[in-house]
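Please look through the questions below with the model open beside you.

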Amino acid sequence: MRPLRYSINVTLDGCCHHEAGLPPDEESMQYWTAQLARADALLFGRVTYEMMESAWRSPASGTLPDWVEPWQVPFAETIDRAEKHVVSSTLRDADWNAELVRGDLDQAVRRLKQEPGEGLWVGGVTLPLALADLGLIDEYEFLVQPVLAGRGPTLLAGLRERIELELVDRREFRSGAVAMRYRPA
């Protein structure tokens, strides 16, 4: 069974909004590129899928937008070519190397986890909360930003039951951010 890993940037006060932390730098983009490359497929809810697609989908011209820095290109290429599964009851289709996941979330994700491979990667806020409540997340990975945001969506807000975790890896970045990986205890 391939594990499901939840990965997200989070501020010290638990905010998960993508603009609340530090702007991406070369070191953090290299880290996230390597983490995405470890996954056989990505699992997104509709909001995260649409946000990532609008930012990172390779244009038909093949030329990335001017805002993409040279050190961001490996991330853009990695996420663009990745297999994606999108959990949504409102999208009619998904075409960025993606297929829609419909029906019972628990059953659908268990089926994805049963497929051969190294692992699934999930990001976002709403879908991971549902997956954590179902006990489907095998690893939690947080890139904690040295920022206090004071507002915005927070990490796993509304979780039904406490989940105890054990630290399995920790890495410090020059920016002061710290990546921490946990498994349920």
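Q: Which elements are included in what covers the buried residues of α3?
A: This is a predicted model, in which local features need pLDDT of at least 70 and side-chain atom pairs count only at pLDDT 80 or more, while totals for chains, interfaces and linings use all residues. Residues are numbered from 1 along each chain as its sequence is written, and side-chain values use heavy atoms, with hydrogens and water left out. Helices (H or I, at least four residues) and strands (E, at least two) are DSSP runs, numbered from the N terminus, and contact means heavy atoms within 4.5 Å. The cover over the buried residues of α3 includes α1, β2 (41-45), α2 and β3.

Q: Which residues in α3 are buried?
A: Buried means under 20% relative accessible area, exposed means over 50%, and partly exposed lies in between, with a 1.4 Å probe and protein chains only. By that rule, the buried residues in α3 are Phe 75, Ala 76, Thr 78, Ile 79 and Asp 80.

Q: Is Pro 59 buried or partly exposed?
A: Pro 59 sits in the loop between α2 (46-56) and α3 (73-81), and its C-alpha lies 10.0 Å from that of Asp 80, although the two are 21 residues apart in sequence. Leaving aside neighbours within four places in sequence, Pro 59 is in contact with Leu 64 and Pro 65. Because its relative accessible area is 28%, Pro 59 is partly exposed.

Q: Which residues does His 85 touch, not counting residues up to four places away in sequence?
A: His 85 belongs to strand β3, and it counts as buried because its relative accessible area is 2%. Not counting residues up to four places away in sequence, His 85 touches Ala 41, Leu 42, Leu 43, Phe 44, Glu 99, Val 101 and Leu 112.

Q: Is Leu 120 buried or exposed?
A: Leu 120 has its place in strand β5 (residues 120-122). Its contacts, leaving aside neighbours within four places in sequence, include Arg 2, Pro 3, Leu 4, Ala 39 and Ala 41. Since the relative accessibility of Leu 120 is 1%, this residue counts as buried.

Q: How many salt bridges does the structure hold?
A: A salt bridge is a side-chain nitrogen of Lys or Arg within 4 Å of a carboxyl oxygen of Asp or Glu. One of them is formed by Glu 27 and Arg 171, at 3.9 Å from N to O, and this pair links helix α1 (residues 26-37) with strand β7 (residues 165-172). In the whole structure, the number of salt bridges is 17.

Q: How many residues apart in sequence are the parts that Glu 27 and Arg 174 tie together?
A: Glu 27 is buried, with a relative accessible area of 10%, whereas Arg 174 is exposed at 74%. The closest N and O atoms of their salt bridge are 3.7 Å apart. Because Glu 27 lies in helix α1 and Arg 174 in the loop between β7 and β8 (178-184), the pair ties together parts whose separation in sequence is 147 residues.

Q: How many residues apart in sequence are the parts tied together by Arg 57 and Asp 95?
A: The side chains of Arg 57 and Asp 95 meet in a salt bridge of 2.8 Å, N to O. Arg 57 lies in the loop between α2 and α3 and Asp 95 in the loop between β3 (83-87) and β4 (98-101), so the parts that this pair ties together have a separation in sequence of 38 residues.

Q: Which element gives the most to the lining of the largest pocket?
A: On a 1 Å grid over the protein atoms alone, a pocket is an open set of points where a 1.4 Å probe fits, with protein on both sides within 12 Å along at least five of seven lines, and lining residues have an atom within 4 Å of a point. The largest pocket is lined by 46 residues, of which Asn 9, Cys 16, His 18, Met 51 and Met 52 lie nearest its centre. Elements that give two or more residues to this lining include β1 (4-11), α5 (126-133) and β6 (139-145). With eight residues, the element that gives the most is α2.
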